[in-house]
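Let's walk through this structure together, from the overall layout down to individual side chains. Keep the viewer open as you read.

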Amino acid sequence: MTALLAGVLALWTVVALVVALLAHPAQTMTRLERDGVGAVPAVVQQGTTTLVVAMRHRLAGRTVR
């Protein structure tokens, strides 16, 4: 069970990083270059926020930009 949870967390982290890079490429790359590995939690939070907003918009029937 722990391995499954770790796998889901790792997958979510990768998806959130990719979404952050696609949604805000310049800002995300600047943050990663400036702060290095220490910026990963902030970038994952940014990607997670973008994913949650997109899911809410889709559920409400609105288009996402």
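This is a predicted model: local features need pLDDT of at least 70, side-chain atom pairs count only at pLDDT 80 or more; totals for chains, interfaces and linings use all residues.

Residues are numbered from 1 along each chain as its sequence is written, and side-chain values use heavy atoms, with hydrogens and water left out.

The protein chain has 3 helices and 0 strands, and its elements run α-α-α from the N terminus on. Helices (H or I, at least four residues) and strands (E, at least two) are taken as DSSP runs, numbered from the N terminus. Along the principal axes, the C-alpha atoms of the protein chain fill a box of roughly 35 × 35 × 15 Å. The accessible surface of the chain is about 5000 Å², with 69% of this area belonging to carbon and sulfur atoms; such areas come from the Shrake-Rupley method with a 1.4 Å probe, and for residues only the protein chains shown count as cover. Of the 65 residues, 15% count as buried, a label that means under 20% relative accessible area, with exposed being over 50% and partly exposed in between (1.4 Å probe, protein chains only).

Now for the packing. Two packed helices are described by the angle between their axes and the distance between the axes. Axes are lines fitted to C-alpha atoms, for helices over the stretch in contact, and angles run from 0 to 180 degrees between N-to-C directions. Helix H1 (residues 2-23) meets helix H2 (residues 25-35) at an angle of about 120°, and their axes are 5 Å apart. That makes H1 oblique to H2; angles under 35 degrees count as roughly parallel, over 145 as roughly antiparallel, 65 to 115 as roughly perpendicular and the rest as oblique. Ala20, Leu21, Leu22 and Ala23 of H1 make this contact with Pro25, Thr28 and Met29 of H2, where contact means heavy atoms within 4.5 Å.

What angle do H1 and H3 make? The two pack at about 80°, with their axes 7 Å apart, and are therefore roughly perpendicular to each other. The H1 side of this contact includes Trp12, Ala16 and Ala20, and the H3 side includes Val43, Gln46 and Leu51.

Let's zoom in on Thr28, which is found in helix H2. Is Thr28 buried or exposed? It counts as buried because its relative accessibility is 0%. Its side chain reaches two backbone oxygens: that of Ala20 at 3.1 Å and that of His24 at 2.7 Å. Leaving aside neighbours within four places in sequence, Thr28 is in contact with Ala20, Leu21, Val43 and Gln46.

Gln46 counts as buried because its relative accessibility is 14%. Setting aside neighbours within four places in sequence, Gln46 is in contact with Ala20, His24, Gln27, Thr28 and Arg31. The C-alpha atoms of Gln46 and Ala16 are separated by 7.6 Å, although these residues are 30 residues apart along the chain.

Note on methods: A polar contact is a pair of N or O atoms within 3.5 Å; within protein, one must be able to donate a hydrogen and the other to accept it, and residues adjacent in sequence count only if both atoms are side-chain atoms.
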